[in-house]
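Please look through the sequence and the structure shown here before reading the report.

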Protein chains: 2
Amino acid sequence: MISIHNEPQPSDLGDVRVANRAVVLRHVRLHSPCSRADIAARTGLNKATVSSLVTELIDQRLLRETGLTENRVGRPATMLVLDGEPYAALGLQIGADELVAVAVDLGGNRLLTWRRAFAATTVSPTETLRALAALARRAVGRVTAQGRTVLGLTVGVPGLVDPSGAVPLASALGWRDVPVAAQLRTILREPEFTVAVDSVANLAVLAEQRHGGHAGSSDLVHLTGGLTVGAGIIAAGRLLRGGRGFAGEIAHLPLDPAGPSCACGHHGCLSALVGLPAVVRRLLPDAEADGPVTDYLPELTRIVALARQDDPVVCGGLAEIGRHLGRGVAVLADLLNPETVVLGDHFAALAPWLLPAARSELAARAHAPGAGGCRLEASTLDTAGALGGATAALATVEAGRLPAG
Amino acid sequence: MISIHNEPQPSDLGDVRVANRAVVLRHVRLHSPCSRADIAARTGLNKATVSSLVTELIDQRLLRETGLTENRVGRPATMLVLDGEPYAALGLQIGADELVAVAVDLGGNRLLTWRRAFAATTVSPTETLRALAALARRAVGRVTAQGRTVLGLTVGVPGLVDPSGAVPLASALGWRDVPVAAQLRTILREPEFTVAVDSVANLAVLAEQRHGGHAGSSDLVHLTGGLTVGAGIIAAGRLLRGGRGFAGEIAHLPLDPAGPSCACGHHGCLSALVGLPAVVRRLLPDAEADGPVTDYLPELTRIVALARQDDPVVCGGLAEIGRHLGRGVAVLADLLNPETVVLGDHFAALAPWLLPAARSELAARAHAPGAGGCRLEASTLDTAGALGGATAALATVEAGRLPAG
């Protein structure tokens, strides 16, 4: 097997202590409660190093001791767990017709999940950012009232996000060249915590890899739905970003040159066939009678209700949408060979009716036998993008950097 | 920016010496001639560590000293270079109508490039493997006669290759479930050196990243041509393999449901539109008059000659093929956001006539502005797959493991 890296890193270069702190934190996150001796035995770090790191992490209130436990051999050991109390991280997401905020503690436990109706497609980017900032401020207020320090905030946008946190293009929102991170920092008056921006798809796959039904999978794709379709890709355990951070754009995969027109000017793109607006338009022809739909979630609820009643038009339409979806997933399976493709958002809500057709199309279209082992599943996560944003905001601490202040 | 890894590695675990050896070898490869002090200064390794590693690498004849040079300050330093003499690595490739063998030394310099006419599509897998083994034996004989030890051999197959070196499917060759690495080892009577197998596309992008016009790029795709079309993908500096090693399958990207039929049973797949057999069929309708074509390279030469004469039918056909190719590349640009997509094999030979149409289609179809910075270029490498195989066979030594024996 070949594995090439850009730069082999010498092992006595760089901040060894930071790397080792990350190892200890990760071990406790995955195996708590555990003792200092457990950590040393399982990570290969020597006992003195572990003791010194644990002392520092307890001082910073990232770890805490939780009493004694009989060891199998020898004297009782003090057990360690993550300290869930002092810190929180926030994630926000611009959804189809809502803004979402999620806060988690260091262990990834949800502290709050808020949804606020908001039709971002009908207002200016600045109005949306003001509404996001207002939601963020309330969430910060809530967690700081609990005595927590906010470590960071990450916003998920359905579109292209560059490494500076600017959005060159988010077609589904009608955005072009919006400096989201910079504007949010200004509106929030340069807060102490980090403010970052990423694509909803990247954040959702991060949540999926940490908290979802396929947590720990090293080759995973999350297909986000909603206003458009995006792919968050984890390959060999790492988020695939590409040269400029734009990887995972799948909305305009050309599937059917004779298909419906797409906002991009072409026809039959994946998004124009299976995105939430396309699904509503296809299955509820009356929905646009009073003008363009901006309230998608009630329409989605109507579709689910009709499907549950075995409405033949809706069920037939969903099978057709499932086939298009399956063809798109087959392209992902061929190119990326993921272990699992997880369907989020409206795809998850409609999964009982989409999955049979999508799976059989995946099997028929993917080139490798058995689709290269790729399974297609519905996400079990709620608000994956915002949860992923909160998870991402923990990354600095999880990488072994100590919280500021 | 989020970067998640499967397992943070504690820095005092694992074989530090192996990692540091890799760092020293890489530094010398990129910056030779250089002194021990240069290595220490540039890598961050301490001087005693560098001295000890260099002594060991000289003993193994991986490095050699090359006299003294005046330093800018202080006494003259002994300069080090890679020792090109004692070792060789081999790469083989099953091409459209030929077998190719390449041998390189430790510095990646070519020691031999052999092409042997061979129509693998017309014979059994075992016959092809016997012919490959015969070619390998002759190449081994040649380099051992030069006093070199063979470090390894890697074979590129145009199809799916699993981590054991077996080929579950190579449609272009008509292969299914062929244990290529195991059979080759048997035919070669269990040689001392490693025998590995990978997809031609993976090996070609490895060669491209090491030796090509875009060497060092961390987000790079090589699109191999020949009997089929495959994508070798380097993302964030690493080969993208997927869960079972099947990533990069792009031959059956559905581009035109009304297009020509494909061996896979569907219509208008990328390979059925732009693969070498499709190109010959499209541009030289007389080529199949005497039965199926198995000699592709002379037909390719005829196409190039006609295009040079501005033959309107051939030039028009190449522009159309270029447009299909550009649509395929746009999908890669959207999903992977590479810095460069490099066209190999027959695409490179036909590049002057394919590229204008392919580039304009890429610009029109990719969603990110300016195709996300993705450039589309012709490869400047000859026999990239075999060269990549030879490069891959150096990987163990480059990763810091000492040669056996």
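## Confidence in the model

This is a predicted model, and in chain A the mean pLDDT is 92, with 95% of the residues of that chain reaching 70 or more. Over residues 1-6 of chain A, by contrast, pLDDT stays under 50, and for this stretch the model has 22 contacts beyond four places in sequence. Where pLDDT is low, the predicted coordinates should not be read in detail.

## Packing of two helices in chain A

Two packed helices are described by the angle between their axes and the distance between the axes. Helix H1 (residues 16-31) of chain A packs against helix H3 (residues 47-59) of chain A at an angle of about 80°, and their axes are 10 Å apart. Angles of 65 to 115 degrees count as roughly perpendicular, and H1(A) and H3(A) are therefore roughly perpendicular to each other.

On the side of H1(A), the contact is made by A:Arg17, A:Asn20, A:Arg21, A:Val24 and A:Leu25, while H3(A) contributes A:Thr49, A:Ser52, A:Leu53, A:Val54, A:Glu56 and A:Leu57.

## Core and an enclosed helix

The largest nonpolar core has 180 residues, of which A:Val157, A:Trp175, B:Val157 and B:Trp175 touch the most other members. Apart from its neighbours within four places in sequence, A:Val157 is in contact with A:Ile94, A:Val167, A:Ala170, A:Leu173, A:Trp175, A:Val197, A:Asp198, A:Ser199 and A:Val200.

In chain B, 10 of the 10 residues of helix H13 (residues 384-393) are buried, so this helix is largely enclosed by the rest of the structure. Among the buried residues of H13(B) are B:Ala384, B:Leu387, B:Gly388 and B:Thr391.

Setting aside neighbours within four places in sequence, A:His267 is in contact with A:Asp256, A:Pro257, A:Gly259, A:Pro260 and A:Ser261. A:His267 and A:Arg137 are separated by 130 residues in sequence and, from C-alpha to C-alpha, by 41 Å in space.

Key. Residues numbered from 1 in each chain as written. Chains lettered and ligands numbered in written order. Predicted model: local features only at pLDDT ≥ 70, side-chain atom pairs only at ≥ 80, totals over all residues. Heavy atoms only, no water. Axes fitted to C-alpha atoms, helices over the stretch in contact; angles between N-to-C directions. Helix = DSSP H or I, 4+ residues; strand = E, 2+ residues; numbered from the N terminus. Parallel < 35°, antiparallel > 145°, perpendicular 65-115°, else oblique. Contact = heavy atoms within 4.5 Å. pLDDT = per-residue confidence, 0-100. Core = buried A, V, L, I, M, F, W, Y, C linked by side-chain atoms within 4.5 Å. Buried < 20%, exposed > 50% of the residue type's maximum accessible area, 1.4 Å probe, protein only.
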